[in-house]
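Colleague: I would like to learn how to read a structure with you, feature by feature. Could we go slowly and look at the general idea before each case?

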Amino acid sequence: MTILQMIFYLFSAVAIASALFVVASNNPVRGALSLVLTFFAMAGVWLLLHAEFLALILVLVYVGAVMTLFLFVVMMLRVNVLSAREGFVRYLPFAVLLALIIIGLTIIAVGPKQFGLTSMPAPAAEVAGYNNLADLGMVLYTQYAYPFEISAVLLLTAIVAAISLTHRLPTRRKNQIVSKQIAVKRADRVKLIAMPSVKKINLSDKPSEAGEPS
Amino acid sequence: MEGLLLVGWIVVKIIAIILVLLLSVAYITFLERKVISYMQCRIGPNRIGPLGLLQPIADVIKLLNKEIIFPEASNRYLFVIAPIISLGTALAAWAVIPFDKTAVLADINAGVLFVLALSSLGVYGILIAGWASNSKYAMFGALRAAAQSISYEISMGFALVGVMMAAGSLNFQTIVQAQAGGIWHWYWLPLFPLFIVYWISGIAETNRAPFDVAEGESELVAGFHVEYSGAVFALFFLAEYANMVLISALLAVMFMGGWLSPFQGVPYFESLFAFVPGFVWLLIKLSFFLFCYLWFRATFPRYRYDQIMRLGWKVLLPVTIVWIVVVALAVQFKMGPWFV
């Protein structure tokens with residue numbers, strides 16, 4: 001076994017174990033963190049396939065941005081662990097059936113028949129100075145230009161939709177108007193009141209007993 | 001045997017980088033206290049060793065000897081893993097930084113992406129620390145730090161897109177080589193807005209003053225690492241300073257010509273300073289940015305949280321997007337003298 005193979009098996013084992021833990025763990029935060037680990041291990045496997053751009057983008061986008069926001073939400077929830085466990089036995093037959101169906105479909109779709117050197121010949125060796133990145137960009141902006149642009153427009157639509165949904169009327173948010181904040185003068189906020197620092201004492205009065213120890 | 005030797009040689013290089021980095025981190029903490037002291041008309045630490053120079057060593061010994069306290073209600077594993085993630089990502093990014101023409105640990109094609117990916121992983125250390133401590137202040141600090149990092153990562157990434165377009169590559173060596181030709185060819189000039197945006201975002205990304213609300217001591221005690229003590233706290237400390245050095249190095253490499261000599265193309269001085277090795281220039285540029293970190297800390301008051309978010313999303317991001325268009329046009333039409 002070469003070093004590369006050892007690294008591959010290490011990353012795969014981590015990916016599978018952490019993927020199992022995502023569904024098996026009681027705690028949603030630990031589940032989300034295991035999902036992060038799964039992504040990370042898969043990025044390692046992709047690196048071994050010479051897909052360094054995809055691997056780094058996987059870490060950057062999914063691990064760095066998507067899962068962080070996901071964790072954000074999960075951390076602030078207080079999920080009741082016991083109620084999540086209820087009905088385990090009741091739903092078990094359906095779950096097993098579903099799992100079997102999905103496994104069967106997966107095997108039909110991407111079973112051992114589709115792989116092997118006969119159906120998937122090994123790619124030609126890379127020439128020296130081969131740049132995975134430049135190649136990907138070339139393909140993305142020529143062959144797949146339309147799908148690429150359409151998906152970008154779809155994402156833009158999603159952004160616009162999300163923003164307009166949060167900003168719909170009636171507005172209950174309280175916003176700061178920054179131009180007003182900057183334009184504020186001292187006189188608007190603070191008033192200096194002249195106070196005499198020494199009080200006039202009427203000498204005819206009896207002195208108070210405040211100074212005496214009680 | 002050949003392969004083993006190669007692996008051994010790489011390990012030696014890694015250890016050399018990490019040792020130098022850790023030592024410099026120790027002395028940056030000393031420098032920070034000294035610089036800020038002089039800026040505030042104080043003397044700073046001067047008791048241990050000549051001129052107080054052994055102060056960081058004493059600090060390290062103190063930190064390592066302190067007891068590590070695990071909060072009763074904390075999540076033990078995650079509590080320990082969090083500082084490891086913080087420090088690990090801060091150190092791993094150094095693999096792709098070029099120190100000289102040939103001195104780089106991993107000269108990979110997607111170097112810029114690698115650094116971006118690792119710096120986005122660093123958020124997990126903070127988030128996990130805040131959650132695993134099971135403490136309100138730690139949680140608040142972690143949420144603030146994470147929100148801030150995510151927001152500024154976007155303008156940071158966009159600023160880097162400008163650099164990538166200008167250099168036509170994601171490889172750090174190519175980016176440095178593309179800036180060859182003297183101080184006016186370095187990218188700080190043609191990409192000036194991106195340079196400033198990257199600088200500000202870098203400071204925000206490392207959660208340093210004036211963007212250090214994540215550990216705003218007047219509100220949150222110490223932020224996400226409230227519950228940490230002793231050696232595990234030291235790891236967070238190390239990670240923060242290692243990240244500062246990293247951001248300074250990235251600024252030097254991407255906008256200040258990395259290891260290129262500033263006298264390139266100047267008639268007399270070029271030959272006069274030709275003997276200076278490249279990493280000395282990199283070190284000088286890097287030190288300037290590091291000093292600025294300390295200078296800012298002594299100068300600026302802390303930003304309010306909504307102002308930080310506003311700056312990131314409504315000021316820096318539009319600036320970068322506009323300037324990316326400008327750079328794209330300049331590169332397309334080969335605008336001289338930079339993009340010929």
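**Reading the two chains**

Modeller: Let us begin with one residue, Asn207(B), which lies in the loop between α7 and α8 (217-220) of chain B. Please keep in mind that this is a predicted model, in which local features need pLDDT of at least 70, side-chain atom pairs count only at pLDDT 80 or more, and totals for chains, interfaces and linings use all residues. Residues are numbered from 1 along each chain as its sequence is written, while chains are lettered from A and ligands numbered from 1 in the order in which they are written.

Colleague: What is the phi of Asn207(B), and how should I read such a value?

Modeller: As a general idea, most residues other than glycine have a negative phi. Here, Asn207(B) has a phi near 55 degrees, which is a positive value in a residue other than glycine. Cys41(B) is also not a glycine and has a positive phi, of about 60 degrees, and its place is in the loop between α1 and α2 of chain B.

Colleague: Are Asn207(B) and Cys41(B) buried or exposed?

Modeller: The idea is to count the other C-beta atoms, placed from the backbone, within 10 Å of a residue's own: 20 or more make it buried, 12 or fewer make it exposed, and a count in between makes it partly exposed. Asn207(B) counts as buried because it has 23 C-beta neighbours inside 10 Å, whereas Cys41(B) has 6 C-beta neighbours inside 10 Å and therefore counts as exposed. Ile196(B), found in helix α7 (residues 192-205) of chain B, has 16 such neighbours inside 10 Å, so it counts as partly exposed.

Colleague: How many residues of each chain take part in the contact between chain A and chain B?

Modeller: Two residues are in contact if their C-beta atoms, placed from the backbone, lie within 7 Å. The contact takes 20 residues from chain A and 19 residues from chain B. On the side of chain A that touches chain B, at least two residues each come from α2 (28-48), α3 (52-76) and α6 (132-141) of chain A, and α3(A) gives the largest share, 12 residues. To sort this side by class, we count Ala, Val, Leu, Ile, Met, Phe, Trp, Tyr, Cys and Pro as nonpolar, Asp, Glu, Lys and Arg as charged, and the others, Gly among them, as polar. The side of chain A that touches chain B then has 14 nonpolar, five polar and one charged residues.

Notes:
Helices (H or I, at least four residues) and strands (E, at least two) are DSSP runs, numbered from the N terminus.
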